[in-house]
Amino acid sequence: MPRTEVWLRGPVENVPSLLQPAAHSLLECREELEAAVGPLTPEQIWESRNGSASIGYHLRHAAASLDRLFTYARGAMLSDAQLAVLRQESAPDPSLGAADLLAAFDATVERALDQLRTTDVRTLTDGRSVGRARLPSTVLGLLFHGAEHTQRHAGQIATLVKMLRP
């Protein structure tokens with residue numbers, strides 16, 4: 001029997017109703033990625049075919065970019081540690097297996113859910129700046145983009161996993 005998608009299971013506890021879609025999206029990504037990546041070997045995770053980015057890259061980037069986008073949503077600038085992650089996230093690291101990458105992703109999703117729970121919905125249209133160029137966005141724009149960007153990379157991972165099958 002197919003499982004019920006997260007968004008059809010009801011509200012995520014303590015997340016404001018306007019932010020439920022972002023929470024549902026992140027939880028769905030977490031479930032899909034655990035199922036898709038969990039059984040893979042480090043070799044499969046870091047393999048790059050025909051110039052495509054590896055599963056490992058997509059998983060690290062999904063977590064790191066979610067963290068960065070939610071940082072901007074709080075009105076903060078990136079820390080030195082976040083900038084260091086940004087510089088190295090595309091470098092393959094075969095020492096990281098599925099359990100390591102999924103644990104890091106899960107921790108990022110948990111922090112994001114905590115932020116959604118504490119976001120004052122009266123601030124959703126407040127302006128926020130993104131990056132060194134200080135490009136314009138809003139709290140809601142950043143939270144939504146964080147979720148949809150994560151989902152985009154989860155989709156890339158699902159496709160790459162299918163390509164690994166003979």
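Me: How many cavities of 30 Å³ or more does a search of the whole structure find, and what makes a space a cavity?

Reply: The search finds one cavity of 30 Å³ or more. On a 1 Å grid over the protein atoms alone, a cavity is a set of points where a 1.4 Å probe fits but cannot get out, whereas a pocket is an open set with protein on both sides within 12 Å along at least five of seven lines. The model is a predicted one, in which local features need pLDDT of at least 70 and side-chain atom pairs count only at pLDDT 80 or more, while totals for chains, interfaces and linings use all residues. Residues are numbered from 1 along each chain as its sequence is written, and side-chain values use heavy atoms, with hydrogens and water left out.

Me: What space lies in the largest cavity, and which residues line it?

Reply: The largest cavity holds about 60 Å³, a volume being the space filled by probe spheres set on the points, which are joined across faces, edges and corners. Lining residues have an atom within 4 Å of a point, and for this cavity they are Q44, E47, R49, S52, A53, S54, I55, L160, M163 and L164. Helix 6 (residues 139–164) gives the most to this lining, with three residues; helices (H or I, at least four residues) and strands (E, at least two) are DSSP runs, numbered from the N terminus.

Me: What is the volume of the largest pocket, and which residues are the closest to its centre?

Reply: The volume of the largest pocket is about 300 Å³. Of its 17 lining residues, R60, A63, A64, V85 and A104 are the closest to the centre. Helix 3 (55–73), helix 4 (80–88) and helix 5 (98–118) each supply at least two residues of that lining.

Me: Which residues line the second largest pocket, and how do they divide by class?

Reply: This pocket, of about 190 Å³, is lined by R68, Y72, M77, L78, L83, L86, G131 and R132. The lining has five nonpolar, one polar and two charged residues, where Ala, Val, Leu, Ile, Met, Phe, Trp, Tyr, Cys and Pro count as nonpolar, Asp, Glu, Lys and Arg as charged, and the others, Gly among them, as polar.

Me: Why are strand 1 and strand 2 called paired?

Reply: Two strands pair if DSSP finds at least two bridges between them; strand 1 (residues 127–130) and strand 2 (residues 135–138) have four, in the antiparallel sense, and therefore count as paired. G127 stands opposite T138 in strand 2, and in the hairpin, which has four residues between the strands, G131 takes a positive phi near 75°.
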